Amino acid sequence: MARISRRGLLIGGAITAGAAMTGLAVGFGYLSTIDVEGLRPVPPQDDQPVRLNAWIEVLKDGRVRVAAPHTELGQGIHTGLAMLVAEELEIPLERITVEHPVKPLPVYANFVLALEKRPEEMTGAFDWVGRRLIGAMQLIATGGSTATIRNYVPLRQAGAVARNLLERAGAAELGVKPSEVKAVAGEIVDPRSGRRLGYGALAAAAALLEPQGIPSLKPRTQWAVIGRDAPRLDIPAKVDGSARFAVDHRPAGLLHAMVVRPPRFDGTIESVDKTAAAAMPGVVKVLAMDNEVGVIAETSWQAMQAAERLAIRFGGDDKPGISSTEILAAMRAAVNDRQPGHVFSDRGDVDVALADDASFEATYETPYLAHATLEPQSAVAIADGETIKFWSGAQSPMPMMQAARAVGRAAETHVTLAGGGFGRRIEGAVLQQAARLAASVPGRPVMVAWRREDDLRWGPFRPAAVARLRAAIGPNAMPRALKAVVATQSVALGYSSRNMPFAIGGARDKGNVEGLADLAYDIPNILVAAKHVDTPVPVGFWRSVGHSNTAFFVESFIDELAHRAKRDPLRYRMDLLSKDARLSHLCRTLSEAAQWSGPGSGSGRGRGVAIHASFRSYVGQVVDVAVSAEKAIKVERIVAVIDCGQAINPQQVRAQLEGAIVFALSAAMTGEITIENGAVTNSNFHDYPMALMKDVPAIETVIIDSAEPPGGVGEPGTPPLFPALANALFAATAERVRTMPLSRHGYRFA
Amino acid sequence: MVELKVNGATVSVADDPSTPLLWVLRDRLNLTGTKYGCGAGLCGACTVLIDKTRAEPSCQLRLEDVTGSEITTIEGLAAAVGVAALLQQAWIAEQVPQCGYCQSGMIAAATALLIASPHPSDGEIDDAITNICRCGTYPRIRRAIHRAAGTLVEKGASNG
């Protein structure tokens, strides 16, 4: 049986269970009908764009529309995918538009997220079954930094197959052999006669031809698009206000809804008096749902004002609620108790080494964090007969399908631009609210857009974690053994319990220790174990997920070992990575780019370094800080090096590195969701502040030139910043911060 | 009825005079380029240009505060103020936006800055641009402002 990953299965959710079982029951015959390549043309229809395959449509004027089953969250993925098509289709990038497909065809499924293998690695019989199963589940999703990996080969193939059809149609029209024509910039050209025909004129004839296999792809040396900086296709609309996010969708008759929930995670709604709210201007409907109350009005402001007038008696607060202080205490207790936890990595004999050698031990802690996408959770829904039509910047259409099913209807899924994602938009809550509220006013479109306060308080959050690391120090002051125990709250369990009919995860969730269990450092004896601390706090996928915790743990600890050994922290790491060619090269490149000459000698200035591999990419960062006696930190310089294999659009790889670093910088300085008496105390950006212009230095980025297949880019830049900053702070002040964020220790941005 | 002057046109709306300008722009006038981000004047996503001089968060302006003012949103910015068009071009040249949700407010704030200080220093940019960008486009915004102001200085290997 093909191995289906935890994360992919999670996102598959309820549909997974049903469709997978059906697929298995009906068996091979059914599976063989699932088209996972999508390379066949569709017979043309009058006046419609011509679909040369599931990925590529040609318009009458020769422009090309690419179906990109990935959400444009800001990561530039639509442009990157268009570049893959453009390279083989031979059409200028600016003649391509990109849209998320409405129809969830099996061909669009993200089998890389689900099966954790590159398409080009999927050659076995199990892979054949796995790809078709994932397709049958319509597991379309954007996450895990997989979109480029998933499409690197298939979209070039789609471009090449479509080009071949156009070449053959063009040759027939020009009365020459297909081998005699060339595709050049959106035209089929006969070089001898100089005659040329545009793709728009040829598409209908091309769509009647049979594909003749997949032409061989251009070698890297002949690329004209991939690997060169390209301007993003979505940027012009993002500077003049014309870009449309879900909150900007304005169908005729649009209504606006606000939703009220109990403040406590474990709270209930005992009773609702709707009278005052219903009497407010513009109010159309007040709807009590399971554990929420929705107010629908003509405008957003009217809905907000009316929601304030709801008289709700909340329950479930007879006992004191949980606090983040208690949760961290429970996690601390868990890493210190004698229970082994779930062991993910067990190499050599850690206990013998720890008994024989001098040892060093440290405990690190991280808080809950919010995504705080600048566009809060939002969706528009219309109940149109037996269908709910959705518009949302969701990271997957699957939660839309689930939300529609929950109100007994089918879904039509329109995935819009998203005002930031970071893992937050893989959740279904706002879609469920939109479906229920829309179903209560059939035929009227309803927008649900959360207030900032709702978005910050309702979560889900990046889980807090506590890690206890212990090293046996062998010859040359190098670690001979490492024992790491992480106590945290399983994201898999949190996600599945909210979004699926069954719960998976817990201590066995490998997200608890990703980045630690698969450590690249050459340490002969390693034991990595996880413990799950259950709480009512909702936790979810947050940019880089478990890596956002484990990089801080490991890279702080290694830094401590280096300093204790009085070794240069970068050279110390290089010694531990000498058997890993890619990471060694990364370290050398970082050392040169940052002009590394050691961490500095304190006195208020210092440099920190961190290296971390995640999502099939490798990132190293050097951070320079100046720290005043009043604990004001000025981040003076950040240098980041990435080895992400083949970069598709280098300027956007840099943009993602910059963005991932700033994202982590906010979290490292002040990011902390605080929970008291079962509820989040933070409410808005005054008590969940963000790094601003004045706080962010120039970020120097280096992309290692590589022809290796692409790795992820959206997330890998985030994890190393936490330890690099803490390590810089240590170099500057001799204060070792083992608890995030730095604001807990009195530090602030200068 | 409340009369407003928005992007050079006079419009009447029936909303209560205490209604925040943001929601009238978005829900009544369909000027959706101006975004909600916090409702508390903290993030700047809703920033508009008032009287072609000041950048202000429209979530904190009540209709009655701005009845006599010229309100310019992102949709009318380039036509109203020449420097805004330069900023938009610079934003494209520097490939600033990621998700793009904050950028209308950023460009409005940058427009007010360049009106007040045509060749701003880094310190002036720090003081004037206090909007939040969750995607972290700050280094590129800084470069785009310098580019529009003609004060762009290439610094080392920086690509930010």
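Student: How many bridges join strand β1 (residues 2-6) of chain B to β2(B), and do the two run parallel or antiparallel?

Tutor: Five bridges join β1(B) to β2(B), and the two strands run antiparallel. Before we go on, some ground rules: this is a predicted model, so local features need pLDDT of at least 70, side-chain atom pairs count only at pLDDT 80 or more, and totals for chains, interfaces and linings use all residues. Residues are numbered from 1 along each chain as its sequence is written, while chains are lettered from A and ligands numbered from 1 in the order in which they are written.

Strands (E, at least two residues) and helices (H or I, at least four) are DSSP runs numbered from the N terminus, and two strands pair if DSSP finds at least two bridges between them.

Back to your hairpin. β1(B) and β2(B) have two residues between them, and Asn7(B) in that turn has a positive phi of about 50 degrees. Across the pair, you'll find Lys5(B) opposite Thr10(B) in β2(B).

Now zoom out to the rest of chain B. The domain assignment, which is automatic or comes from a database, gives domain 1 (2-77) and domain 2 (82-149). Their C-alpha centres lie 20 Å apart. Domain 1 of chain B puts 16 residues into the contact and domain 2 of chain B puts in 14; two residues are in contact if their C-beta atoms, placed from the backbone, lie within 7 Å. On the domain 1 side, β3 (47-50), β4 (54-57) and α2 (74-80) of chain B each give two or more residues, and β3(B) has the largest share with three. That side divides into eight nonpolar, six polar and two charged residues. For these classes, Ala, Val, Leu, Ile, Met, Phe, Trp, Tyr, Cys and Pro are nonpolar, Asp, Glu, Lys and Arg are charged, and the others, Gly among them, are polar.

Next, how does chain B meet chain A? There, 49 residues of chain A are in contact with 49 residues of chain B. On the chain A side, α9 (235-239), α11 (300-308), α21 and β27 (699-703) each supply at least two residues. Helix α21(A) gives the most, with eight. By class, that side of chain A has 22 nonpolar, 15 polar and twelve charged residues.

Look inside and there's a nonpolar core (buried Ala, Val, Leu, Ile, Met, Phe, Trp, Tyr and Cys residues joined through C-beta atoms within 7 Å). The largest one has 302 residues, and Val66(A), Val85(A), Ala257(A), Val295(A), Ala434(A) and Val446(A) touch the most other members. Helix α21 (650-670) of chain A turns up again, with the largest share of this core, eleven residues. Both domains of chain B give residues to this core too, so it lies between them. Take Val295(A): leaving aside neighbours within four places in sequence, its contacts include Ala257(A), Val283(A), Ala303(A) and Leu310(A).

Gly175(A) follows α7(A), with a positive phi near 70 degrees.

One last stop is Ser544(A), in the loop between β21 (525-532) and α18 (547-564) of chain A. Apart from residues within four places in sequence, Ser544(A) is in contact with Ser614(A), Glu715(A), Thr718(A) and Pro719(A).

Notes:
Buried ≥ 20, exposed ≤ 12 C-beta atoms within 10 Å, placed from the backbone.
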